[in-house]
Structure formats: structure tokens, C-alpha cells
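Subject: Structure handover

Hi,

Here is the structure I promised you. Please open it beside this email and follow along.

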Amino acid sequence: MIRIRRAEDRGQAEHGWLRSAHSFSFAGYFDPEHVGFRTLRVLNEDRVAPGAGFPPHGHRDMEIVSYVVDGAMSHEDSTGAGSVIRPGDVQRMTAGTGVLHSEYNASDDAPLHFLQIWILPARAGLPPSHEQRHFPEAERAGALRLLVSPDGADGSLGIHQDVRLFGALLSVGDAVEHRLAEGRHAWVQVVRGAVTANGSRLQAGDGAAISEEAALVLRGEDDAELLLFDLA
């Protein structure tokens with residue numbers, strides 16, 4: 001079973017310096033039919049004006065994954081971590097017992113486009129932590145590259161939840177298959193381009209919840225970038 005969440009049906013927020021699209025209920029946007037999927041709680045597509053960003057603010061008991069599509073994002077948090085996140089980089093921050101962090105467009109003249117992902121942790125009260133890694137395009141071209149996993153397998157980032165996040169870059173005609181174990185679910189988010197997911201066409205900004213399927217076949221319809229979440 002595949003349930004498609006079209007890009008144009010997402011919640012929208014416009015703040016001048018920030019344009020954000022919410023796949024699930026977030027901040028002032030609430031939709032009782034879209035409050036998350038399994039342990040995937042937030043999936044926001046954000047576009048931030050040059051030089052602008054989110055000043056220091058707090059989080060608790062959440063696994064936060066940042067995925068930059070275009071531009072560069074400057075990150076600082078109260079653990080002492082600081083970095084710049086660019087396309088191909090993935091960052092995981094465990095908010096745990098509480099953390100303050102800020103995220104700014106690192107450029108004064110180019111926009112920033114990124115996905116902010118929140119995943120509910122397996123348990124509360126974890127110590128705050130931060131991890132970031134670069135995944136070259138060559139590792140994601142025509143393949144599902146593991147980016148995040150509970151055991152840090154294959155050089156992925158570790159996360160405190162039974163979630164595996166994959167990234168792929170598909171050219172037209174490329175196809176990848178992901179097997180889903182019994183009782184597992186998937187969420188596909190198309191970052192750009194277009195794909196088919198078990199025959200259903202998804203375009204940039206579209207997402208899809210997949211349940212009760214033994215396998216998921218993703219095929220490039222245009223040159224595409226996508227994320228695939230394998231969830232309990």
C-alpha cells in the first residue's frame with residue numbers, strides 16, 4: 001500500500017527570510033491526518049535567504065537530521081560543536097536532555113535549501129551529541145547509500161532509533177530495489193527530479209508512505225535525488 005503526500009498539499013510557512021513546507025504537522029500548521037509516520041515526526045523542506053537563519057533555540061528528546069540540498073548551512077550548538085554543512089553532508093544531532101543550537105545560511109549572497117528531519121528517539125534522557133559525515137555523489141549514484149542507522153553500519157551516522165535512512169541519485173532509467181522485512185514500513189521523499197515508486201510517479205517535494213509491501217522499486221523518471229526511510 002502506498003499513500004502519496006503531494007508537495008502542494010504540505011503545510012506552508014512564509015516568513016520573508018524563510019519559506020518552509022511541512023510534510024507533517026509542525027509549529028502553527030496542524031493536520032490530524034499528518035502528524036508523522038511511525039517514528040518520523042518532522043520533515044520540513046526549508047529555503048533560507050542569504051545571511052538569515054534560526055537563532056539559538058532549544059530542543060529535547062529528539063534525533064535531528066539535517067540534509068543540505070543547495071548552499072551551505074552554519075551550525076553551532078551548546079555541546080561546543082560547530083560546522084558548515086554542504087551538499088553531500090549529513091548531520092545528526094541528539095537533543096536528549098536538552099541542547100541549544102543555531103542554524104544560519106553561511107552565505108551572504110546565495111540561498112540555502114535543506115531538509116530538516118526529526119525522529120523520535122528510542123528512549124528519553126540521552127546525553128546530547130553531534131555527528132556529521134560527507135557522502136560523495138559517487139556512492140549514491142544509481143544506488144541506495146546508507147546514511148543513518150542505529151548501529152552506524154557501512155560508515156553511516158549512528159542514531160538512537162530503529163531507523164535506516166538511505167540516499168540515492170538516480171539518472172533516467174536507473175532502478176534500485178529495497179526489500180522491506182515483515183512489519184517494516186518506508187517513507188520516500190523526492191528531493192528533486194522525478195521517480196516512480198512501485199509504479200506510482202513522485203515528483204520533487206512529494207513523499208510517500210509505504211506499508212504492507214515486500215519490496216520497493218524506485219526508478220528514475222528524470223535525474224532525481226531522493227531519501228528513503230526504513231522504519232519499524
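Start with His22. Leaving aside residues up to four places away in sequence, His22 touches Arg5, Arg10, Gly11, Ala13, Tyr29, Leu43 and Asn44. Keep in mind that this is a predicted model. His22 sits in strand E3, which covers residues 18-22. Is His22 buried or exposed? It is buried, because its relative accessible area is 4% and the cut-off for buried is under 20%.

Now the pockets. The largest pocket has a volume of about 240 Å³. Its lining has 18 residues. Leu18, Phe26, Ala27, Asn44 and Phe54 lie nearest its centre. By class, the lining of the largest pocket has eight nonpolar, eight polar and two charged residues.

The second largest pocket holds about 190 Å³ of space. It is lined by 15 residues, and Glu137, Arg140, Leu169, Arg192 and Glu225 are the closest to its centre. Strand E6 (63-70), helix H1 (137-140) and strand E22 (224-231) each give at least two residues to the lining of this pocket. E6 has the largest share, with three residues. The classes here are eight nonpolar, two polar and five charged.

Next, the cavity. How many cavities of 30 Å³ or more does a search of the whole structure find? It finds one. The space in the largest cavity is about 30 Å³. Its lining consists of Arg10, Glu45, Leu115, Gln189, Val190, Val191 and Gly205. Sorted by class, the cavity lining has three nonpolar, two polar and two charged residues.

On to the sheets. Strands of a sheet pair through backbone hydrogen bonds, either parallel or antiparallel. Leu146 stands opposite Phe166 in E15.

Another open sheet has four strands, in the order E16-E21-E18-E19, and its pairing is antiparallel. E16 and E19 (200-203) are at the edges with a single partner strand each, so one side of each has no neighbour in the sheet. On average, neighbouring strands of this sheet are turned by 25° against each other, direction ignored. E18 (residues 194-197) and E21 (residues 215-220) run antiparallel, with three bridges between them. Val195 stands opposite Gly220 in E21.

Last, a loop. Gly183 lies between strand E16 (175-179) and E17. This glycine counts as exposed, because its relative accessible area is 53% and the cut-off is over 50%. How far apart are Gly183 and Ser211 in sequence and in space? They are 28 residues apart in sequence and 8.2 Å apart in space, C-alpha to C-alpha.

Best wishes

Conventions
Residues numbered from 1 in each chain as written. Predicted model: local features only at pLDDT ≥ 70, side-chain atom pairs only at ≥ 80, totals over all residues. Heavy atoms only, no water. 1 Å grid on protein atoms, 1.4 Å probe; cavity = no way out; pocket = protein on both sides within 12 Å on 5 of 7 lines; lining within 4 Å. Points joined across faces, edges and corners; volume = space filled by probe spheres on them. Nonpolar A, V, L, I, M, F, W, Y, C, P; charged D, E, K, R; others polar. Buried < 20%, exposed > 50% of the residue type's maximum accessible area, 1.4 Å probe, protein only. Pairing = 2+ DSSP bridges. Axes fitted to C-alpha atoms, helices over the stretch in contact; angles between N-to-C directions. Contact = heavy atoms within 4.5 Å.
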